[in-house]
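Please look through the model shown here before reading on, since the paragraphs that follow move from strand pairing to a nonpolar core, then to charged side chains and finally to aromatic rings.

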Amino acid sequence: QYDLEVRAVTKKGTKAIWRGKAPDLKAGTQVQWKLEEAVPKGTEFLEFAFLQRTAEFGRPVGHEVAFEQLRPTSYPELTKASYSIRPSTYQETPIALVLIYDDTEVYVNKETGIVTQVLKEGKDLLAAPMRPNFWRVPTDNDVPAGLATRYRPWRGAIPALTDHKFEKNTLVLTRTYLDGRVTETARINIIDGGDVHFIQELAKTTEATEVPPPFRYGLQTEVSQSYAAAEWFGRGPGEAYADRFQ
């Protein structure tokens, strides 16, 4: 009973490129579906929206029932193969681990494994360390469900660096949280153009029987006031609050 609308999300905005009848599927089933329209050059995400075809109570024609954003990995300009890790050097000081390529330097605290500085031509791009962030403001639905209390151990959680190594031009960090009940693997490398690339994964230890989930998983930092403009895609790829629209 829904129409499917496919939209191309680019830095210039979001534009619908196809709309038609959504595939007729039963719950739990799958279908292979082909997009006949060409994907515009510069597309960062494809957005799939399911729209109300006929009016129902509280839902007029065209009402968006659900949506999802997917990165078009088959698009040549967006494949991981278009990036290559640069040959880097690695140093250790009494207080920091340092990854260096050309005029880019990444400094990591030896006790916490937190990135404290990213230097480009000697200038620090960060105004504050890149601290892990597992917390957000509880919503009206979170409070009666007791999530704010259950997830509280993650609020302000600081990692402990337990291991580190430099291999294949990548600095690999092992960090732990919640008294060792959660282990995080963080990989840092420098790719073409001098951009710094982060990959992080969380996993419970085998001894951890009860670990509360976090509200979110990400990094939080501050940028210098010298930055005059910023670009972001507020709606993807997962769910987001309304104030994260561009």
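Two strands are taken to pair if DSSP finds at least two bridges between them, and the elements themselves are DSSP runs numbered from the N terminus, with helices being H or I runs of at least four residues and strands being E runs of at least two. The model is predicted, so that local features need pLDDT of at least 70 and side-chain atom pairs count only at pLDDT 80 or more, while totals for chains, interfaces and linings use all residues. Residues are numbered from 1 along each chain as its sequence is written, and side-chain values use heavy atoms, with hydrogens and water left out.

Strand 1 and strand 2 (residues 13-21) pair in the antiparallel sense over eight bridges, and the two strands form a hairpin with two residues between them. Within this pairing, T10 stands opposite G13 of strand 2. Strand 1 is also joined to strand 3 (residues 45-52), again antiparallel and through eight bridges, and in strand 3 the bridge partner of L4 is F50. Because eight of the nine residues of strand 1 (residues 2-10) are buried, this strand is largely enclosed by the rest of the structure; buried here means under 20% relative accessible area, exposed means over 50%, and partly exposed covers the range in between, with a 1.4 Å probe and protein chains only.

A search of the whole structure finds 13 salt bridges, each being a side-chain nitrogen of Lys or Arg within 4 Å of a carboxyl oxygen of Asp or Glu. In one of them the side chains of R53 and D3 meet at 3.0 Å, N to O. Since R53 lies in the loop between strand 3 and strand 4 (64-70) and D3 lies in strand 1, this pair ties together parts that are 50 residues apart in sequence. R53 counts as partly exposed at 29% relative accessibility, whereas D3 is buried, with a relative accessible area of 14%.

Which residue forms a salt bridge with E47? The partner is R7, and the closest N and O atoms are 2.6 Å apart. This pair links distant parts of the chain, with E47 in strand 3 and R7 in strand 1, 40 residues apart. E47 counts as buried at 2% relative accessibility, and R7 is buried too, with a relative accessible area of 12%. R7 forms a salt bridge with E64 as well, where the closest N and O atoms are 3.0 Å apart. Here R7 in strand 1 and E64 in strand 4 are 57 residues apart, and E64, at 26% relative accessibility, counts as partly exposed. Through shared partners, salt bridges join D3, E5, R7, R19, E47, R53 and E64 into one network.

Elsewhere in the chain, nonpolar side chains come together. A nonpolar core is a set of buried Ala, Val, Leu, Ile, Met, Phe, Trp, Tyr and Cys residues joined through side-chain atoms within 4.5 Å. The largest such core has 14 residues, and those with the most contacts inside it are V108, V115, L173 and I188. At least two residues of this core come from each of strand 6 (96-101), strand 7 (104-109), strand 8 (115-120), strand 10 (126-133), strand 12 (170-177) and strand 13 (182-190), and the largest share, three residues, is supplied by strand 13. Not counting residues up to four places away in sequence, V108 touches I95, A96, L97, G113, I114, V115, T116, L171, L173 and I188, where contact means heavy atoms within 4.5 Å.

The aromatic rings complete the tour. Rings of Phe, Tyr and Trp (its six-membered ring) pair if their centres lie within 6.5 Å, and planes under 30 degrees apart count as stacked, over 60 as edge-to-face and the rest as tilted. A search of the whole structure finds eight aromatic pairs. The rings of W135 and F215 have centres 5.1 Å apart and planes at 70°, so this pair is edge-to-face. W154 and Y177 form a tilted pair, at 5.8 Å centre to centre and 50° between the planes. W154 and Y177 are both buried, and F134, W154, Y177 and Y217 form one aromatic cluster.
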